[in-house]
Amino acid sequence: MKTFQVGELKSKFSKIIEDLKNGEEIVISFGKKKEKIAVIIPFSKYIKKHKRKLGLLEKKASYKIVSDFKISDEELINP
């Protein structure tokens, strides 16, 4: 996994896109402390769906999110 600061990301964007096409994950850092703020992953890794375990309720409960389920950020944060 390669790490780039924001400025490097801008100047090496085409190269980074090629790395992403080849399956590389890219970390973006920011500021004097080079704090890691984000990871860019190839789309093929993003769309892989993993089944989430329910922890203590595994095999005892299930859930399904219907396709027309909608909730705004405001509703989620302030119920």
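Predicted model: local features only at pLDDT ≥ 70, side-chain atom pairs only at ≥ 80, totals over all residues.
Visitor: Let us start with charged side chains. How many salt bridges does a search of the whole structure find?

Guide: Side chains of opposite charge can pair when their charged atoms come close. In this structure the search finds five salt bridges.

Visitor: Which side chain does Lys-15 meet in a salt bridge?

Guide: Lys-15 meets the side chain of Asp-19, at 2.7 Å from N to O. The two residues are four apart in helix α2 (residues 13-21), so about one helical turn separates them.

Visitor: Are these two partners buried or exposed?

Guide: Asp-19 has 8% relative accessibility and counts as buried, because the cut-off for buried is under 20%. Lys-15, at 46%, counts as partly exposed.

Visitor: Which residues do salt bridges with shared partners join into one network?

Guide: The network consists of Lys-2, Lys-15 and Asp-19.

Visitor: And what about Lys-12?

Guide: The side chain of Lys-12 meets that of Glu-8 in a salt bridge of 3.7 Å, N to O. Lys-12 is partly exposed, with a relative accessible area of 37%. Glu-8 is also partly exposed, at 31%.

Visitor: Now the strands. In which sense do β2 and β3 pair, parallel or antiparallel?

Guide: In a regular strand the side chains alternate between the two faces of the sheet. In this model, β2 (residues 26-30) and β3 (residues 35-40) pair in the antiparallel sense, over five bridges. As one example, Ser-29 has Lys-36 in β3 as its bridge partner.

Visitor: What should I look for between the strands of that hairpin?

Guide: Four residues lie between β2 and β3, and Gly-31 in this hairpin takes a positive phi near 85 degrees.

Visitor: Last, the surface. Which residues make the nonpolar patch?

Guide: Tyr-63, Ile-65, Val-66, Phe-69, Ile-71, Leu-76 and Ile-77 make a nonpolar surface patch of about 780 Å².

Visitor: Where is Ile-71 found, and how accessible is Ile-71?

Guide: Ile-71 is in the loop between α3 (43-46) and α4 (73-77). With 43% relative accessibility, Ile-71 counts as partly exposed.

How values were computed: Residues numbered from 1 in each chain as written. Heavy atoms only, no water. Patch = residues over 30% accessible without salt bridge, like charges linked within 9 Å, V, L, I, M, F, W, Y side chains within 5 Å. Areas by Shrake-Rupley, 256 points an atom, 1.4 Å probe, with all protein chains shown as cover. Salt bridge = Lys/Arg side-chain N within 4 Å of Asp/Glu carboxyl O. Buried < 20%, exposed > 50% of the residue type's maximum accessible area, 1.4 Å probe, protein only. Pairing = 2+ DSSP bridges.
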